[in-house]
Amino acid sequence: MLDRPKTPWHLWLVGVVALFWNFGGAFDYYMTQTRNASYMAAFTPEQLEFFYGFPTWTVAAWAIAVWGAVAGSVLLLLRSRLAVMAFAFSFAGMAVTSFQNFVLSEVSMATLMGPEAMIFSAVIAVSVIFLWWYALRMDRAGVLR
């Protein structure tokens with residue numbers, strides 16, 4: 001039997017923070033997909049048309065991004081090496097969704113939501129890249145199984 005390195009304290013910190021952060025994304029996804037009236041009341045009619053007009057493939061990519069990140073967070077806390085793959089899928093889904101929202105869509109999300117949309121998307125991208133890298137690092141260190 002191989003001795004595994006002790007789980008570092010920062011894995012628990014990163015995992016819990018990641019889980020809460022990604023639950024925020026999951027909440028947003030769920031509320032948008034169910035068209036929750038009180039949640040969506042903060043948006044203009046043009047913004048609602050944008051969100052509700054996503055092509056099916058974009059909704060699927062968004063789902064992969066969101067639920068992949070939640071799964072990655074849970075898997076990281078379970079010390080499973082599958083967290084690496086989950087975060088990779090999450091990043092791929094986020095990249096596809098962002099490309100649609102900022103490049104392919106008739107009206108860019110940046111036009112509808114302002115520069116904050118691009119900044120927030122960049123923060124999301126940096127966070128998932130960090131989590132992917134962190135999970136890969138923990139896997140290579142032998143912490144994940």
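Colleague: Which residues of H1 are buried?

Modeller: Please keep in mind that this is a predicted model, and that a residue is called buried here when its relative accessible area is under 20%. Helix H1 runs over residues 9–33, and the parts that cover its buried residues include helix H2 (37–40), helix H3 (45–52), H4, H5 and H7. The buried residues of H1 are Leu-11, Val-14, Gly-15, Ala-18, Leu-19, Asn-22, Ala-26, Tyr-29, Met-31 and Thr-32.

Colleague: How far does helix H1 reach from its first C-alpha to its last?

Modeller: Helix H1 has 25 residues, and at 1.5 Å a residue the expected span is 36 Å. The reach found in the model is close to that expectation, and from the first C-alpha to the last it comes to 36 Å.

Colleague: What is the phi of Arg-35, and where is this residue found?

Modeller: Arg-35 follows H1 and is found in the loop between H1 and H2. With a relative accessibility of 48%, Arg-35 counts as partly exposed. Its phi is positive in a residue other than glycine, with a value near 55°.

Colleague: Which loop holds Arg-79, whose phi is positive although it is not a glycine?

Modeller: The phi of Arg-79 is about 60°, and the residue is partly exposed, with a relative accessible area of 24%. As for its place in the chain, Arg-79 lies in the loop between H4 and H5.

Colleague: Which side chain meets Arg-81 in a salt bridge?

Modeller: The count of salt bridges comes to one, and in it the side chain of Arg-81 meets that of Asp-139, at 3.0 Å from N to O. Asp-139 lies in helix H7 (residues 115–140) and Arg-81 in the loop between helix H4 (56–77) and helix H5 (82–104), so the pair ties together parts that are 58 residues apart in sequence. Arg-81 is itself partly exposed, with a relative accessible area of 41%, and its partner in the salt bridge is Asp-139.

Colleague: Why is the pair of Phe-51 and Phe-54 given the name it has, and what is that name?

Modeller: The structure holds twelve aromatic pairs, and for rings that pair, planes over 60 degrees apart count as edge-to-face. The rings of Phe-51 and Phe-54 have their centres 6.1 Å apart and their planes at 85°, so this pair is edge-to-face.

Colleague: Which residues do ring pairs link into a cluster with Phe-54?

Modeller: Besides its pair with Phe-51, Phe-54 forms an edge-to-face pair with Trp-62, at 5.8 Å centre to centre and with 80° between the planes. Phe-51 and Phe-54 are both buried, and Trp-62 is buried as well. Together with Phe-54, the ring pairs link Tyr-29, Phe-43, Phe-50, Phe-51, Trp-62 and Trp-67.

Colleague: Which helix gives the most to the nonpolar patch?

Modeller: The nonpolar patch lies on the surface and is formed by Trp-57, Val-96, Phe-99, Val-103 and Leu-104, with about 480 Å² of accessible area together. Leu-104, which lies in helix H5, is partly exposed, with a relative accessible area of 47%. The helix that gives the most to the patch, with four residues, is H5.

Terms used
Residues numbered from 1 in each chain as written. Predicted model: local features only at pLDDT ≥ 70, side-chain atom pairs only at ≥ 80, totals over all residues. Heavy atoms only, no water. Salt bridge = Lys/Arg side-chain N within 4 Å of Asp/Glu carboxyl O. Helix = DSSP H or I, 4+ residues; strand = E, 2+ residues; numbered from the N terminus. Buried < 20%, exposed > 50% of the residue type's maximum accessible area, 1.4 Å probe, protein only. Expected span 1.5 Å × (residues − 1). Contact = heavy atoms within 4.5 Å. Patch = residues over 30% accessible without salt bridge, like charges linked within 9 Å, V, L, I, M, F, W, Y side chains within 5 Å. Areas by Shrake-Rupley, 256 points an atom, 1.4 Å probe, with all protein chains shown as cover. Phe/Tyr/Trp six-rings, centres within 6.5 Å; stacked < 30°, edge-to-face > 60°.
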